[in-house]
Amino acid sequence: MRKLQTQGVHHITLTGADRQSTIDFWEGVLGMPFVFDQPNLDNPDEGHVYFDPGDGRLITVFTNETRKGTPDRTPTDPGCVHHIAFNVSQATFWQAVERLDERGIDHSGPRDRGFMDSIYFKDPLGLLIELASYRFEPPVGCTHADVLIRAHRIRVARGDYNIDRIHLADAIEALVSDRQDSLSKDRGPKNPW
């Protein structure tokens with residue numbers, strides 16, 4: 001047997017309400033450019049609108065002018081989507097509370113997740129949305145996942161409960177040491193004073 005190797009998320013498609021409220025939320029609240037729309041090719045009674053979440057990939061929404069929003073939480077039964085998280089910069093993250101409050105959108109307030117900060121709120125159809133902001137930048141040539149897998153190994157070896165800033169810093173140092181050569185024979189920490 002062989003794997004079907006994925007190379008990232010192509011798109012996520014959600015069931016939305018009417019076209020305008022969909023655009024108002026995804027572009028008007030989350031700032032995702034409205035890229036294009038067309039009919040839902042599997043259901044002529046629905047539209048299909050496409051948004052760029054910031055990385056050139058797509059979030060798409062099936063719309064229907066007869067569907068209306070509900071503030072009720074979407075189901076979280078096994079097999080259902082619990083939430084969708086979108087990456088935001090630290091600068092945007094720390095403005096999120098004020099900007100959500102301006103719209104009267106209930107939210108969790110900032111949550112410390114050790115390796116990232118999070119804020120949760122619901123879209124107009126009850127889907128839980130997370131704004132997530134990493135607390136680190138990976139070294140050149142590395143991904144966030146590279147840092148996190150190394151930080152996980154460090155955390156587990158130390159018997160710590162969750163990944164936190166110290167694990168991230170140590171993981172970044174180790175990745176730089178592994179990936180970048182040096183003429184020094186001893187690259188260990190020094191005290192020049």
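Here is that conversation, from the overall fold down to single residues.

User: What kind of model is this, and how many helices and strands does the protein have?
Analyst: Keep in mind that this is a predicted model. From the N terminus on, its elements go β-α-β-β-β-β-α-β-β-β-α-α. The tally for the secondary structure is four helices and eight strands.

User: Is the protein spread out or a compact globule?
Analyst: The C-alpha atoms fill a box of roughly 70 × 45 × 30 Å along the principal axes. For 193 residues the globule rule gives 16 Å, and the radius of gyration is 21 Å, well over that, so compared with a compact globule the protein is more spread out.

User: What share of the 193 residues is buried?
Analyst: Let's take contacts alongside burial. Among contacts between residues at least 6 apart in sequence, 49% join residues at least 24 apart. As for the buried residues, they make up 32% of the 193.

User: How do α3 and α4 lie relative to each other: parallel, antiparallel, perpendicular or oblique?
Analyst: Helix α3 covers residues 144-158 and helix α4 covers residues 165-179, and their axes are 8 Å apart. The packing angle is about 120°. Roughly perpendicular stops at 115 degrees and roughly antiparallel starts over 145, so the pair is oblique.

User: Which hand does the crossing of α3 and α4 have?
Analyst: We already have the angle of about 120° for this pair. Where α3 passes α4, the crossing is right-handed.

User: Which residues make the contact of α3 with α4, and how do they divide by type?
Analyst: On the α3 side you'll find D146, V147, L148, R150, A151, I154, R155 and R158. They meet I166, H167, L168, D170, A171, I172, A174, L175, D178 and R179 in α4. By type, the residues of this contact come to 10 nonpolar, one polar and seven charged.

User: Which residues does D146 touch, leaving out those up to four places away in sequence?
Analyst: D146 sits in helix α3 and is partly exposed, because its relative accessibility is 23%. From D146 to L175 the C-alpha distance is 8.3 Å, though the two are 29 residues apart in sequence. With residues up to four places away left out, D146 touches G141, L175 and R179.

User: How far apart are the C-alpha atoms of V156 and H167?
Analyst: V156 is another residue of helix α3. At 46% relative accessibility, V156 counts as partly exposed. Along the chain V156 and H167 are 11 residues apart, and their C-alpha atoms are separated by 9.9 Å.

User: And where is A169, and how far is its C-alpha atom from that of A96?
Analyst: A169 belongs to helix α4. With 45% relative accessibility, A169 falls in the partly exposed class. There are 73 residues along the chain between A169 and A96 in numbering, and the C-alpha separation is 26 Å.

Methods: Residues numbered from 1 in each chain as written. Predicted model: local features only at pLDDT ≥ 70, side-chain atom pairs only at ≥ 80, totals over all residues. Heavy atoms only, no water. Axes fitted to C-alpha atoms, helices over the stretch in contact; angles between N-to-C directions. Helix = DSSP H or I, 4+ residues; strand = E, 2+ residues; numbered from the N terminus. Parallel < 35°, antiparallel > 145°, perpendicular 65-115°, else oblique. Left-handed = near helix turned anticlockwise from the far one by under 90°. Contact = heavy atoms within 4.5 Å. Nonpolar A, V, L, I, M, F, W, Y, C, P; charged D, E, K, R; others polar. Rg over C-alpha atoms; globule rule 2.2 N^0.38 Å. Buried < 20%, exposed > 50% of the residue type's maximum accessible area, 1.4 Å probe, protein only.
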